[in-house]
Amino acid sequence: MAGNTEDRKIQSVDRTCDILQELGESGGSTVSELAEGTDLTPGTVHTHLSTLASNGFVQQVDGEYKLGMEFVPFGEWVRRQSPLYRAAKTEVDDLAHEYDAVAHLVTEYRGKTLTLYEMAGEEAVGKEVHTAKRGRPQTHIHCTAGGKAILAYLPEERTREIIDDCGLPPYTSHTVTDEETLFAELETIREQEYAINHEEVVHGNRAIGAPVLDDDGTILGSISMSGPASKWRDERFQDELVDAVVRAANSVEINIHTADRSP
């Protein structure tokens with residue numbers, strides 16, 4: 001058979017993916033807006049939307065097209081297939097409720113971080129910020145505790161590739177934007193086995209992140225916990241809270257490594 005089958009693609013499926021990506025990022029678009037965003041003709045866009053709508057993957061609301069409810073079970077199926085999610089869910093819940101914080105389980109996905117699971121304690125602050133970020137992969141991971149915990153354990157070549165692609169933009173005055181400064185911090189993270197976000201994404205919010213590693217040291221993801229900087233400044237932050245996140249990550253590693261193994 002001539003040609004490399006791995007390089008063969010169906011153009012119409014590519015177009016459908018472009019439309020779905022645009023709908024996800026916009027939260028809702030008209031046919032003309034989708035045509036402009038995808039460089040397709042309105043007629044082509046409408047044909048794809050009609051097919052997607054008939055299968056429940058797109059819905060029309062007040063003149064705009066939005067992603068359909070059919071994606072909800074698909075997302076849950078994907079998440080449940082993840083050994084990392086199954087091993088970490090309880091640990092994330094425990095962190096959130098015990099420390100009234102927002103706890104996260106994230107993994108690297110195409111140079112971004114994707115939230116596999118998140119839980120907020122009853123009195124946790126900043127829930128709205130995290131909810132807004134949950135729906136899409138985070139492009140810039142150099143300033144989050146969970147993201148830095150992942151970057152520290154990726155091969156250096158891969159980390160530099162991610163930085164080259166995404167840059168190091170400032171979110172606050174505390175964000176590290178110098179590449180060599182970041183690499184020095186990543187070395188420290190490997191030595192101490194945890195990362196800190198000192199108000200680098202949102203003023204007033206701090207976070208701790210710890211890596212989850214496979215048997216061979218490959219990074220699988222990270223667990224992180226965030227809370228108010230005004231309360232997370234004393235020795236309790238450096239001792240109790242950091243230890244709690246590191247222990248949770250270690251427990252996840254044990255859960256993964258012992259899953260489905262006979263005693």
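Biologist: Why is Phe74 called partly exposed?

Modeller: Its relative accessibility is 36%. Buried means under 20% and exposed means over 50%, with partly exposed in between. Phe74 therefore counts as partly exposed. Keep in mind that this is a predicted model.

Biologist: How many aromatic pairs are there?

Modeller: Four, counting rings whose centres lie within 6.5 Å. Phe57 and Phe74 form one of them.

Biologist: What makes the pair of Phe57 and Phe74 edge-to-face?

Modeller: Two values settle it. The centres are 5.5 Å apart, and the planes stand at 65°. A pair needs centres within 6.5 Å, and edge-to-face needs planes over 60 degrees apart.

Biologist: Where do Phe57 and Phe74 lie in the chain?

Modeller: Phe57 is in the loop between α3 and β1, and Phe74 is in helix α4. They are 17 residues apart, and the pair links distant parts of the chain.

Biologist: Why is the pair of Tyr85 and Tyr117 called edge-to-face?

Modeller: The ring centres are 5.8 Å apart and the planes are at 70°, so this pair is edge-to-face. Tyr85 belongs to helix α5 and Tyr117 to strand β4, 32 residues apart. Tyr85 and Tyr117 are both buried.

Biologist: Which residues do ring pairs link into a cluster?

Modeller: Phe57, Phe71, Phe74 and Trp77.

Biologist: What makes you say that the charged end of Arg160 sits over the ring of Phe183?

Modeller: The charged end is 3.9 Å from the ring centre. The cut-off is 6 Å, along with a limit of 35 degrees from the ring normal. Arg160 is counted as sitting over the ring of Phe183.

Biologist: Phe183 also touches Thr159. How do you know whether Thr159 is buried or exposed?

Modeller: Thr159 has 1% relative accessibility. Buried means under 20%, so Thr159 counts as buried. Thr159 sits in helix α8. Beyond its sequence neighbours, Thr159 touches Leu151, Leu154, Phe183 and Leu186.

Biologist: Why is Ala103 called buried?

Modeller: Its relative accessibility is 0%, so Ala103 counts as buried. Ala103 lies in strand β3. Its contacts, not counting residues up to four places away in sequence, include Val92, Leu95, Tyr117 and Met225.

Biologist: Which residues of the largest nonpolar core touch the most other members?

Modeller: Leu95, Leu105, Ile208, Ile223, Met225 and Val252, out of 31 residues. The elements giving two or more residues are α5, β3, β4, β6, β7 and α10. Helix α10 gives the largest share, 10 residues.

Biologist: How do you know what α10 spans against the expected value?

Modeller: The helix has 24 residues and reaches 34 Å from first C-alpha to last. That is close to the 34 Å expected at 1.5 Å a residue. There is also a kink of about 25° in α10, centred on Val242.

Biologist: What covers the buried residues of α10?

Modeller: The cover includes α5, β5, β6 and β7. Among the buried residues of α10 are Phe237, Val242, Val252 and His257.

Biologist: Why is His257 called buried?

Modeller: His257 has a relative accessible area of 16%, and the limit is under 20%, so His257 is buried. Leaving out residues up to four places away in sequence, His257 touches Leu213, Asp214 and Asp215.

Biologist: What makes the phi of Arg110 worth a mention?

Modeller: Most residues other than glycine have a negative phi. Arg110 has a positive phi of about 55° although it is not a glycine. Arg110 lies in the loop between β3 and β4. Its relative accessible area is 68%, and exposed means over 50%, so Arg110 is exposed.

Biologist: What is the phi of Glu193?

Modeller: Near 70°, a positive value in a residue other than glycine. Glu193 is in the loop between α9 and β5. At 44% relative accessibility, between 20% and 50%, Glu193 counts as partly exposed.

Notes: Residues are numbered from 1 along each chain as its sequence is written. This is a predicted model: local features need pLDDT of at least 70, side-chain atom pairs count only at pLDDT 80 or more; totals for chains, interfaces and linings use all residues. Side-chain values use heavy atoms; hydrogens and water are left out. A nonpolar core is a set of buried Ala, Val, Leu, Ile, Met, Phe, Trp, Tyr and Cys residues joined through side-chain atoms within 4.5 Å. Buried means under 20% relative accessible area, exposed over 50%, partly exposed in between (1.4 Å probe, protein chains only). Helices (H or I, at least four residues) and strands (E, at least two) are DSSP runs, numbered from the N terminus. Contact means heavy atoms within 4.5 Å. The expected span of a helix is 1.5 Å times one less than its number of residues. The bend at a residue is the angle between axes fitted to the seven residues ending there and the seven starting there. Rings of Phe, Tyr and Trp (its six-membered ring) pair if their centres lie within 6.5 Å; planes under 30 degrees apart count as stacked, over 60 as edge-to-face and the rest as tilted.
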